[in-house]
Structures are given as structure tokens and as C-alpha cells.
Amino acid sequence: MNIVPTDNMIERIRGLLEQVPDPEIPVLSVMDLGIVRDISIKDNRVEISITPTYSGCPAMDAIALQIRLELVSHGFTEVTIRSALTPAWTTDWMSDAGKEKLLQYGIAPPAGPVKNRVALSELSPPCPHCGATGTTLLSEFGSTACKALFRCTACGEPFDYFKCH
Amino acid sequence: MNQDRFDYILHLADNALITGHRLSEWTGHGPSVEQDIAMSNIALDLVGQSRNLYQYAASMKEGATEDTLAYLRDAREFKNLLIAETGNGDWAKTITRLFFFSAYQSCLYEHMRSLRDEMLRAIAEKSLKEVTYHVRWSGDWVIRLGDGTPESRSRMEKAIDALWPLTGEMFEPAPYEKALIPSQLAVDVAALKQEWMHKITGVLDNAGCRLPAPGSWMQSGGKTGIHTEALGLLLAEMQFLQRAYPGCNW
């Protein structure tokens, strides 16, 4: 396939990346998470730049592989995936649609922009299960580095909160 | 290849990997599931930081990869601080080490953000966000243990006494750092000491713990490859697979 660097082509690639899920939180695509920093086309080759959420994110290698598979299976055979450390990823880059999907999935989305961040111990994110606001921190670290563990005092359920980072 | 830059980046990477590996030994053994998960997450952050640094170092040396640097060097070639390799001991010792080390990393990365090395700046920027959590989490535990029961208090005091002599070399520049500091390619660690002391004394005061008298004996050597027995034993486990099955992967 002749891959020309037009807006349409970039849009098409963006659409394909919206189908690539995060392996840890499969309701979110890599686009929702905001980890795709750049898409470009040069000499018939697609270049994608992704940034890790956390330095030790074990999903990065799997994400790069899935992006490659998705693109190759749609005819983009020449793909380069780069890891960009700077600027460092922030939850501000997560899409609003992504935050809504997180909530539906049972994970409380990050509360507001990073610049207004408060300490986790002072935070009480609404319970994603019953909506109550009386929630307490159980642990600053949840099932993955990017989440903290809370418990709802109304329904008693524990839940993950995606940390403002 | 500039040997001083290569050595400096390895020193930074080794600190993160060896501390991360030590913390990972708690996985499955934490005092409660939340602390087990916290420890594993912090270990993962540190191993991730070391990967970024090893990849950078490997890009400077023909034939090197992040794996050969982590798995195929012997103890004498590792340049980590002695405090990184010391055994976990009890929970108080692990927490105190993490607190001292995280407070150090936090000062270091803060200053690394203005070095004349673009990649180190990027790694520092990324890592600093993670280390901020580590400092707060371990600091909360220092207060909880120091200001806890007579038993937890006495364990904290023992941990501080055991680790204190290993904190001196954090602020002693190795020859490769001295060579790089004038061109702003390495952080001048000697200048971090006051900042670090300020960070830790606030928390230790809250915990009701006191530091050994100034001028007490300090042990150094790790940064130039003179290690304790603990590192050899750690490497024997960490490197086993690559030594027994060279080049294996999955």
C-alpha cells in the first residue's frame, strides 16, 4: 500500500489506534489513555511515538506489539514505534470519554487536573459502584502503580482510583 | 564512548535496579496485602527507572543491551551505593532504607532536571513523579513505627543505627562524577546533603527518632565497585537465569 502523509491517512491510523486496548484496563484504548504522543508518515513508513504512564509499566512492550499488529493487519507493514519519555505522561492527557469509560468499568477516574491535585489521604472520590461520596483511602498503591485503593463507607465495596499523576 | 558518562549512568541505573530488586523480595511476604502491593509497585517503579537508564547506557556502547548490563556484569563492576544492596532485615530496616534512599533520589532527580544531558533530564522528570510517592509512603511508615509501640520504636532505632554509616557515600562524588560535574553532565551530590538532611529530619522529628551524632563513621566503596558480601548473593539470585541459560528469553 502506498501510504501518503495526508490528514485523512493520519485520521485513519488514529481510528485504528482507538481499537487498541490497554492490556491492564481493556475498556480504555491507547488513545483514551493519552499515551500516543505523535503519529507521522515518512517514506511509506508509519511512525508512532508512545509514552509510558509509569517508568516500570509492564504493559508498554505489550502495547507496542498490539499497535504494530493492528497496523500491520490493516496494510501498514512498515511501522516504527518509539518510546518518548519527555514530556512525562500525565493523567491530564486522558480523554473525557476515557474517564467516563473508567467510571462505567468500576474505576474512579482521576479527580481534576494535576495542578489542583490534593494528597490521596485528603481525597474522597465518589464510589464508582453506588455513587456515594463517603469513601476512605485503604492504600496509596492499588492493583497497579497508577491506581490507589479506596473503600466506600456506604456500600462497603473497595474500588480502584486512577491516581492524578 | 566517554567512559565517565557511561560509568555515571550505570551508577544511577545500578542504584535503582539493586534497590528495586531488594524491595521485590517482599513480594508475597508483606505484613498485609496493601503493604505487599505497595512494596511491589515501588520495586516496579525502580526497576523501570533502571531500564530507562540501562537502555541509555547501552546506546553508548557497541554490543551492550539493557540485559547484558543488568545480568552479565559481576559485583566489582556494579556501582550502586552500599545502602542499596544491604539485606532487607525486618520491616523497619526496609522502610528506613527506602526512606533514606527515596529522599536522596528525590534531591538527585530534582537537580538532574537541569543537567546538560537531554536524556537524563527526561528520565529525571519522569522518575521524580514516582519518587515523590515513595518518599511520602515510606515517610508515613517511619512516623508510624517511630511513634508506635516500644517494640516498633526500638526496631526503628536499630534500623537507623545500622543504615546511617551507609548514607555518607551518597554525598561523596566518585571520580567519574568529579570529571563530569564541571560540564554539568552529572549532579554534584556533595551539594545535596543539606537538602537531604532537611527532608529526613522533618519526618524523623515527627517520628520521635534521633540520628547518630554528626561525624560518626561512614562506610563507602559501592560507587567504585567495592561492595559487601550482600551484593554477590543478590546477584547470584538475580542473574541466575541468564548465567545458566545464556541469552534465554520469553
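Biologist: How much area is buried between chain B and chain A?
Modeller: In this predicted model, the area buried between chain B and chain A is about 2,000 Å², counted as the accessible area (1.4 Å probe) that two parts lose on being put together, summed over both; carbon and sulfur atoms give 58% of that area.

Biologist: Which three residues supply 34% of the area that chain B buries?
Modeller: Those are Lys126(B), Lys129(B) and Tyr133(B), which supply more than any other three residues.

Biologist: And how many salt bridges are there between the chains?
Modeller: There are two salt bridges between chain B and chain A, taking a side-chain nitrogen of Lys or Arg within 4 Å of a carboxyl oxygen of Asp or Glu; one of them joins the side chains of Glu140(A) and Arg136(B) at 3.3 Å, N to O.

Biologist: Where does the largest share of chain B's touching side come from?
Modeller: From α6(B), with 13 residues, where a helix is a DSSP run (H or I, at least four residues) and a strand likewise (E, at least two), numbered from the N terminus.

Biologist: Switching to the sheet in chain A, what is the strand order?
Modeller: The open sheet of four strands runs β4-β7-β6-β5 (chain A) with mixed pairing, where two strands pair if DSSP finds at least two bridges between them. The edge strands are β4 (107–108) and β5 (135–139) of chain A.

Biologist: Do β4(A) and β7(A) run parallel or antiparallel?
Modeller: They run parallel, joined by two bridges, and Ile107(A) has Asp160(A) as its bridge partner in β7(A).

Biologist: What conventions apply?
Modeller: Residues are numbered from 1 along each chain as its sequence is written, with chains lettered from A and ligands numbered from 1 in the order in which they are written. Local features need pLDDT of at least 70, side-chain atom pairs count only at pLDDT 80 or more, and totals for chains, interfaces and linings use all residues, while side-chain values use heavy atoms, leaving out hydrogens and water.
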